[in-house]
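This report is meant for a reader who is meeting the structure for the first time. Please keep the sequence and the 3D view at hand while reading.

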Amino acid sequence: MEILPILSTLRRHKITAALLILEIALTCAIVCNAVFLITQRIDRMNMPSGVAEKELVRIRFASIGANDDKYARDQEDLQLLRQIPGVTQVASVNQVPFGNSSNNSGVKIDPDQKKSTINATNYYGVNLAETLGTQLVAGRNLRPDEYVDMKTIMAALQTKNDKAMPKTVVITQAMANRLWPGQNPLGKPIYLDQTPLYVVGVVKELVRPSIWDDSIAKYSMILPARVAEGQYLIRTSPQDRDRVLKTALEKLKAADPHRVILSKQVWEDVRTRFFEDDRAMTGLLAGVCVALLVVTALGIVGLGSFWVAQRRRQIGVRRALGATRGNILRYFQTENFLLATIGIVLGMALAYGINLFLMVHYELPRLPGSYFPIGAIALWAVGQIAVLGPAMRAAAVPPVVATRAA
Amino acid sequence: MFGYYLDLALHSLKRNKVLTALMVVAIALGIGASMTTLTVLHVLSGDPLPGSSATLFNPRIDPFSMDGYEPNKPPPEQVTWTDGMNLLHAARADRQALMTGGAVPIQPTQSSIDPFYTDARYTTADFFPMFSVPFLYGRGWNASDDDGKARVVVISKLLNDKLFEGKDSTGQTLRMKDTSFQIVGVLGDWRVNPHFYDLNIGDYAEAEDVFVPLSTSRDMKLSLNGSTDCWGSGGDPEHAENTPCVWLQFWVQIVDPAKVEAYKTFLTHYSQEQKTLGRFEREPNVALLDVMQWLDYKKVVPSDVRLQTWLALGFLLVCLVNTVGLMLAKFLRRSGELGVRRALGASRRDVFMQLLIEAGVIGLAGGMGGLMLAYTGLWLVRRQPSSYASLAHLDMTMLLSTFLLALISTLCAGLLPAWRACQITPALQLKSQ
């Protein structure tokens, strides 16, 4: 190999070589971290919801005038929706996974606890689990006879009437594991206030709305509370969704013209809207990565061309002394490989430093070691591709140049 | 001399078009990305009410029970109905307003417009003068309207355009929830960024369309929007006045900075008094932040935006290192020419100036390109779904900063290559020719 002569040549171009190394190092460090951020976002966007996403339709509306008996109205609406051909389940609910508003409570496992053990979200609505299509892993779903009207619960809270309060709850597996690690959660009580709620069922997954902290995204419970808040979930087969949504709106409007539809969505829209900021950020990060690699490649092309032009005579002499075109080509490729390697080593250290900064300021996890070889390969590849042009031009220098004056 | 150097610079730039283009493109990309993100950061971290934000304060007290008590935990950000009303009627500040967000059904009299829901603010009379709200027509309501649960309403310019085609609608009626309200005022263009007085609605939410006296909204049971935090037996929205829940925002204006401490003392006294009465369980725990301190406390600028700014600055750094390398290559390649100039009597200083001007020209060209890219970048930002997206516009300051940043960073980038090129010994260069 020609490493020694390359090194001695580079020693004569210390500053330009150092700048190229610095550029590669910075690019490597930023790209490693940006790609890491992208995978974090993609993981977040793929967060499982635990519901039958392809089969759901959501409608939210509000009444214009004073509503006398919203519970009765609600029952009539559900009956209408159930009659639409293709509809398999309907529920009137207070909130939906990935929705933007949420109802949450502190959960205790002992009524005398001063501080809540965890914070979990409260899903209300008859037939909610069946409509969402959550997967039961232990126990049973809530029975219709366990449900209590929300206004009855509110009144019971005021009068401290324990008898009127709900007594059962279904929780997610993540929540059960957090509350009673390694134990069977069925039959155990949780406390939102002083009244115990006994766990009768555990669902595999049910993500909460308005997730402000990903680590507690899976802490959800379904309580036997009947609500009439103008939010309906309809389950149907994937190909029927658009038709069902249209028919449902017509029926609801006809049943009571005195209301306003606030939103109507097939489930994909709910998910898409919830993660739109993440998607935008992912696109931006990817754009910056590409731009960085392109700028670095252009820098290598520029400097490479300069060095080739500067060394035309030297190349001519080497060719005249018997070096093949291949030798010249490999000389420049090796030179670039050396510079890139030094840059990558420095870049890795820098990537680690940037990651530490992000860990402190943005609560990001540690950069996994697997990113280092990926970053290295990417930059070696960019370097080799970029230097190919100038190196070919160098290889094309005829030996006769040696005999000419510069 | 400057003109001659400029001429030389342009001439030299033309001689090696590819290298020049590479430098200009690199600078433009770096500047474009940085200015896009810096503009967004600048817009988002701005003062929502320049001039009066330092006189506006958010008084906070701690009415929670001993459940979940942690010493040194800051007091809640909202107040209960009882405390809000007590503090409002105590009127210890120059102005005070108690408010919360909501949504109201509007029933237009024109049959061509379907009934619709829109965002509302339920507040008290001082809201308008306190936040320097501009009026296009009419005015706000007064304290007697608050006390009398008057059916009066102030509407936004947007709503006025929609319902009354922009004409002066004061004195007309607006139908909401099957009830007639008299329009007393129409706002001018008003949007505070961030939406500091109630961040629950969204940090960069638009101003509400409808403003109704708080007492009226409770009387009519208009629906609430925002965050409610309850303890004990709280949680019943139908009787929110009597429940142990914080759900109202309270703001005061204290014009004289010397009186701020006195107000804080008043809050402590109030908390102590409530504890003696048995309403509060905790020791007095109060806070009084002005608007900018409040926004800082709430970490309003999205962390994604900060991250993007760091990323863009890192990108600019790479672009600059790239430019330094290319410029160095370019200048050293002209050793011969520079040697001749030195031999003919040009001082190092002259050569240095000449090269710096060349760098400056590159910087300006890069700045132009950067500006165009920043415009494109901001256009892309505005197409994003975020609530702040529509705010991303380049103002005069940012426009000038773009050029300055481009010029200064390129000049800095040019320093090292120019200095290196000055080190050329004239004689040696001539000999090697």
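## A buried charged pair in chain B

In this predicted model, B:Arg121 has a relative accessible area of 0% and is therefore buried. B:Arg121 forms a salt bridge with B:Glu208, in which the closest N and O atoms are 2.8 Å apart. The two residues belong to distant parts of the chain, since B:Arg121 is in strand 3 of chain B while B:Glu208 is in the loop between strand 7 (179-187) and strand 8 (210-213) of chain B, 87 residues apart. B:Glu208 counts as buried as well, because its relative accessibility is 2%, under the 20% limit.

A salt bridge in another setting is the one between B:Lys167 and B:Glu165, where the closest N and O atoms lie 3.4 Å apart. Here B:Lys167 is exposed, and B:Glu165 is exposed too.

Over all chains, the count comes to 29 salt bridges. One of them joins the side chains of A:Asp278 and A:Arg44, with an N to O distance of 3.1 Å. A:Asp278 lies in helix 9 of chain A and A:Arg44 in helix 2 of chain A, so this pair ties together parts that are 234 residues apart in sequence. A:Asp278 counts as buried at 7% relative accessibility, and A:Arg44 counts as buried at 17%.

## Where the two chains meet

In the contact between the chains, 46 residues of chain B touch 45 residues of chain A. The size of an interface is often given as the accessible area lost when the parts come together. For chain B and chain A, the area buried between them is about 3900 Å², and 73% of it is on carbon and sulfur atoms. Within chain B, the residues that lose the most area to chain A are B:Tyr117, B:Leu307 and B:Leu311, which together account for 15% of what that side buries.

Two salt bridges are counted between chain B and chain A. A:Lys115 forms a salt bridge with B:Glu70, and the closest N and O atoms of that pair are 3.1 Å apart. On the side of chain B that touches chain A, the elements giving two or more residues are helix 2 (17-44), strand 3 (116-123), helix 10 (303-333) and helix 13 (396-422) of chain B. Helix 10 of chain B gives the most to that side, with 21 residues. By class, that side of chain B has 24 nonpolar, 13 polar and nine charged residues.

## The nonpolar cores

The largest nonpolar core has 119 residues, and those that touch the most other members are B:Phe127, B:Phe131, B:Trp190, B:Phe196, B:Tyr197 and B:Trp251. The element that gives the most to this core is helix 2 (residues 14-45) of chain A, with 15 residues. Apart from the core, there is a second, separate one of 45 residues, which includes B:Leu87, B:Ala93, B:Leu248 and B:Val286.

What does B:Trp190 touch, not counting residues up to four places away in sequence? Its contacts are B:Phe127, B:Phe131, B:Ser132, B:Val133, B:Pro134, B:Tyr197, B:Ala207 and B:Phe211.

## Two buried loop residues of chain A

A:Arg311 is found in the loop between helix 9 (276-310) and helix 10 (312-320) of chain A. Is A:Arg311 buried or exposed? A:Arg311 counts as buried, because its relative accessibility is 4%. The side chain of A:Arg311 makes a polar contact with the side chain of A:Glu335, at 3.0 Å. Leaving aside neighbours within four places in sequence, A:Arg311 is in contact with A:Thr9, A:His13, A:Tyr331, A:Phe332 and A:Glu335.

A:Ile84 is found in the loop between helix 3 (70-82) and strand 2 (87-92) of chain A, and with 2% relative accessibility A:Ile84 counts as buried. When neighbours within four places in sequence are left aside, A:Ile84 is in contact with A:Val244, A:Thr247, A:Ala248 and A:Lys251. The C-alpha atoms of A:Ile84 and A:Val170, which are 86 residues apart along the chain, are separated by 29 Å.

Conventions
Residues numbered from 1 in each chain as written. Chains lettered and ligands numbered in written order. Predicted model: local features only at pLDDT ≥ 70, side-chain atom pairs only at ≥ 80, totals over all residues. Heavy atoms only, no water. Core = buried A, V, L, I, M, F, W, Y, C linked by side-chain atoms within 4.5 Å. Buried < 20%, exposed > 50% of the residue type's maximum accessible area, 1.4 Å probe, protein only. Helix = DSSP H or I, 4+ residues; strand = E, 2+ residues; numbered from the N terminus. Contact = heavy atoms within 4.5 Å. Buried area = accessible area lost by both parts, 1.4 Å probe. Salt bridge = Lys/Arg side-chain N within 4 Å of Asp/Glu carboxyl O. Nonpolar A, V, L, I, M, F, W, Y, C, P; charged D, E, K, R; others polar. Polar contact = N/O pair within 3.5 Å; in protein donor to acceptor, adjacent residues only side chain to side chain.
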